[in-house]
Amino acid sequence: MNRRIMPDVIAPGQQLSTLGPSATVTEAVRLMRDRHIGAVLILEDQTLLGIFTERDVLTRVVAQERDPATTSLSEVMTANPDTVAPDDKAIDALDRMSTQGYRHLPVVAGERVVAILSIRDLYAAVRRSLERDLRERDAYIFGESYGTS
């Protein structure tokens, strides 16, 4: 899979879900619930400070019996997260996510956050690639019109 993170895995223009460091865990969790996402980027003046994920909710809030209504994201976020560039290879991002146990990686161009890559995005890209490979294989073995109606 020699695809690039953008535009091959993530289309340009992805709507980012961001909050400031003083936002509460409750605000973040509601945003995550409403948008059906597993992570929120923490920005201040367009600078990436951290990431807050569903895993952070469990390990840094619930397990430590913190009050989500009064706990700020700056207290429980993962500060200075690893990032990837838009033109990085998807397979390299997948390897890093697998090795480090990440499920989300911010995508940064220069100093600007442009997207967030999730393991689900990579799964979907791998699936598309495998499906394309199978169609090409079938067309090669059985002829160009194989499998078309």
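1. In this predicted model, the protein has a radius of gyration of 19 Å, whereas a compact globule of 149 residues would have one near 15 Å. The C-alpha trace spans about 65 × 30 × 30 Å along its principal axes.

2. The secondary structure consists of 6 helices and 6 strands. Read from the N terminus, the order of elements is α-β-α-β-β-α-α-β-α-β-β-α.

3. Of the 149 residues, 37% are buried. When contacts between residues at least 6 apart in sequence are considered, 56% of them join residues at least 24 apart.

4. The protein exposes about 9,200 Å², of which carbon and sulfur atoms supply 49%. Its side chains include 18 positive and 22 negative ones, and the centres of these two sets lie 4 Å apart.

5. Helix α5 covers residues 90-100, and its buried residues are A90, A93 and M97. Viewed down the axis of α5, these buried residues fall within an arc of 60°, so they line one face of the helix. In general, an α-helix has 3.6 residues a turn, so residues three or four places apart point the same way.

6. On the face of α5 turned away from its buried side, S98 and T99 are exposed.

7. After α5 comes G101, which has a positive phi near 80°.

Notes. Residues are numbered from 1 along each chain as its sequence is written. This is a predicted model: local features need pLDDT of at least 70, side-chain atom pairs count only at pLDDT 80 or more; totals for chains, interfaces and linings use all residues. Side-chain values use heavy atoms; hydrogens and water are left out. Helices (H or I, at least four residues) and strands (E, at least two) are DSSP runs, numbered from the N terminus. The radius of gyration is taken over C-alpha atoms; the globule rule is 2.2 Å times the number of residues to the power 0.38. Buried means under 20% relative accessible area, exposed over 50%, partly exposed in between (1.4 Å probe, protein chains only). Contact means heavy atoms within 4.5 Å. Accessible areas come from the Shrake-Rupley method with a 1.4 Å probe; for residues, only the protein chains shown count as cover. Lys and Arg count as positive and Asp and Glu as negative; His and the chain ends are not counted. The place of a charge is taken as NZ of Lys, CZ of Arg, CG of Asp or CD of Glu. The arc is that of the directions from the helix axis to the C-beta atoms.
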